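Please look over the sequence and the structure shown below.

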Amino acid sequence: MVSTLAVYRRLVGAQARSQASYRVSFTLDLLGNIVWLGADLLGITVFFRITPSLGGFGFADVLVMLGLSASAFALADLAVGNIEKLRVYVRTGLLDSVLIKPLGVLPQLLALDFGLRRLGRAGYALVILVAALWYADIAWTPEKAALVVVTPLAGAAFFSAIFVAGATVAFWWIESGELANALTYGGRDFTSYPITVYSGWFRRLFAYALGFAFVAYYPALAVLDEPDPLGLPAATAWAGPVVAALAAAVAAALWRFGVRRYRSTGS
Amino acid sequence: MGFVTATAPPTHFRKLQAQIHLFTAIAAAGFRRYATYRQATVAAAFTNTIFGFLKAFVLLAVVGGAAGALGTAAGYSGPQLATFVWVGQGLLGVVGYWGWTDLADRIRTGEVVSDLLRPVHPVASYLATDLGRAGFGVFTRFVPPVLVGALAFDLYRPVHWSTYPLFALSVLIAVLLSFGCRYLVNATAFWLLDARGMILAWAIASTVLTGLVFPIRFLPDPVAIALWLGTPFPSMFQTPLDVLLERDPPLPRLGTLAVQLAWAAGVLGLCRVVQRRAEHRLVIQGG
C-alpha cells in the first residue's frame, strides 16, 4: 500500500516537473486560466450594470453563488479535470498501456496528466469566494462557517463525479468530442446563477434531477439568510454532501462498467 | 535571383477560371472533410444547444430584472435577446473561433513546407478549406440550435425582408474575418514555434470581446464603440446578430457592415504580408 502511494507520488511529481520546465507555456497557461475565471466575473458585473437584480437576487448574493460554484468546479478540475482526455487515450490506444500496468486505471490516468497549471484557477476561485463572502456582509454563525467550508468540498466531489461520468461516454462513443462539456462546464455555468433564473423542465432537470441546485444555490441561501423562493426548507443547504456521494456512486458504477466493456480500438 | 516560393509571382499566366475552379474544389474538399466527423458534429450541436438554454435564461433574467421603460435591456427586448443567444449559438459553429490549430501544428512539425510546394497561395488554400467547413456548419451547426431555440423560446422575427440577405452577407464577412485572425494567430508559430500561448489569448479575446459572454452593447458606450472600431472582435459576432435583430436604423447598420468589411480586408491583407515574411524566414532558417 505504501509503495503504491509512492509510485503515484512519483508519477505526479514527474508530471509537475515536466510541466513547470516549459516556463513560458506554463506561465501563459496559468495566466490564461485566471483570465477565464475573470470572464465569468466580468459577465456578472456587466449584467448588474444593466439590471439591479437577477432572478430576484442582488449582486452580492449572485457573487456568493459564483464563488461557491467556481471554487467547487476549480477544485474538481484540479483533481480530475484531465480525465476529459480519456477519449484521446481511447482513440490513440494509450489506454491499453495503462490497463496492463498493476495499478488502478482511474488513479493512473489522473496522475498521467496531472494539471498543475490548474492551480492558478483554484487559487483564484477561492479568492473570489472569500471576497464575495466579505462583500456580502454576512452575520456569521458557527453553522454558516462550517457550511462555507463543507460546500466547496462537497461541490468538488460532485463535479468530479460529473467529470468522470462524462468521460466514460468515450468508452461507447469515441468521437464524442465536447459532449461531456454540456454537463461539466454547462453545470458550472448553471450553478453560477440563482436557479430562479431558469424555468420549466430545464430547471427541474438540471437543478433537481441532476442535482446542480445543491452545489451553490441552496448553501448560498442559508449563508445569506434568504428564504428559498421555490419553497424548499433551509436544511436543504446541507444536502450537498449527500448529493455528491450519490453522484460519486453513479459515476463509479459507470466507470467500472465502461472499463469492463472496453475492447480497445484495434488500431 | 530571388526566391521561388508559393507567393512569388506565377511564372506563367493562369486563367482566372482555373483559379476559381481550384478554389471551389478545395472548398468542396473542406466541406467533405468536416462531413466525415459525424459523431463530433452531433456532439457539438448538442452541447451548443444546452449552452443556448443556459445563456438564454440568464439574458432573459437580465431583461426581467432591468424592466426598463419598454421592457428592454440596453435597447434589446426579451425576444431579441433570446434570438441573440440562439442564433449566436448557431453562428459559433459557422464562424468557428476555436480549435483550429492546423497551421500552427504544421509549422511546428515542419509539414508546412509541403504547403509551399503547391501551386496555390497558402492563404487562399486554407481559406477555401475554411469556407467549406463553414458551409458544412451552416447545415449541421447553425440550423439545430436555431430550431430548438425557436421551439422553446419566443424569438424575434425580422420586420424587413432585406434583413435576411444582409445577415447572410454579414455572416460571410464574419467567417472571412475570423479565418484571417486565426491564420495570423497560427502563423505566430513561424516565429514562436509554440503558438499555444497566442492561441489561448485568442480564445479568451474571441470569447469575451465578441459578444459571446454578453452583448457588447451591455458595456458603457465609449467602451463598446472603442471595441467595435479598434478591435476585430465585435465584427465577428455582434455585428451579424445586430443586423439580424434590426437593432440599428438602416444607415448605422450599413455603417457596422462597413466596419466589418474594413476589418476583414485589412486582416486578410495582413495575412498575405505575414505569409510572405514567414516564407523568407523559413528559407533563412534552412527549414
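Two residues are in contact if their C-beta atoms, placed from the backbone, lie within 7 Å.

A:Phe158 also belongs to the largest nonpolar core, which has 159 residues, and within this core A:Phe158 and B:Val62 touch the most other members. A nonpolar core is a set of buried Ala, Val, Leu, Ile, Met, Phe, Trp, Tyr and Cys residues joined through C-beta atoms within 7 Å. A residue counts as buried if 20 or more other C-beta atoms lie within 10 Å of its own, as exposed if 12 or fewer do, and as partly exposed in between, with C-beta atoms placed from the backbone. The largest share of this core, 16 residues, is supplied by helix H2 (residues 38–66) of chain B; helices (H or I, at least four residues) and strands (E, at least two) are DSSP runs, numbered from the N terminus. In soluble globular proteins, nonpolar side chains tend to be buried together.

## How the model is numbered and judged

Residues are numbered from 1 along each chain as its sequence is written, while chains are lettered from A and ligands numbered from 1 in the order in which they are written. Because the model is predicted, local features need pLDDT of at least 70 and side-chain atom pairs count only at pLDDT 80 or more, whereas totals for chains, interfaces and linings use all residues.

The model scores ipTM 0.87 and pTM 0.87. For chain B the average pLDDT, which is the predictor's confidence in each residue from 0 to 100, is 86, and 92% of the residues score at least 70. Where pLDDT is low, the predicted coordinates should not be read in detail.

## Where the two chains meet

Between the chains, 33 residues of chain A are in contact with 30 residues of chain B. On the side of chain A that touches chain B, helix H2 (23–50) and helix H10 (181–191) of chain A each supply at least two residues, and the largest share, 13 residues, comes from H2(A).

Sorted by class, this side of chain A has 19 nonpolar, 10 polar and 4 charged residues. Here Ala, Val, Leu, Ile, Met, Phe, Trp, Tyr, Cys and Pro count as nonpolar, Asp, Glu, Lys and Arg as charged, and the others, Gly among them, as polar.

## Chain A

Chain A has 13 helices and 0 strands, and its C-alpha trace spans about 55 × 40 × 40 Å along its principal axes. Of the 267 residues of chain A, 43% count as buried.

Among the buried residues of H7(A) are A:Tyr124, A:Ile128 and A:Leu129. In the loop between H7 and helix H8 (142–167) of chain A lies A:Asp137, whose phi is near 55°, a positive value in a residue other than glycine. A:Asp137 is exposed, with 8 other C-beta atoms within 10 Å.

## Chain B

The secondary structure of chain B comes to 12 helices and 2 strands. Its radius of gyration is 20 Å, close to the 19 Å that the globule rule gives for 287 residues, so chain B is as compact as a globular protein of that length. Of these 287 residues, 47% count as buried.

B:Ala74, in the loop between strand S1 (72–73) and strand S2 (76–77) of chain B, has a positive phi of about 50° although it is not a glycine, and B:Ala74 is buried, with 22 other C-beta atoms within 10 Å. B:Thr163, in helix H7 (residues 163–187) of chain B, is partly exposed, with 18 other C-beta atoms within 10 Å. B:Thr163 and B:Leu244 are 81 residues apart in sequence, yet 6.1 Å apart in space, C-alpha to C-alpha.

Notes. Rg over C-alpha atoms; globule rule 2.2 N^0.38 Å.
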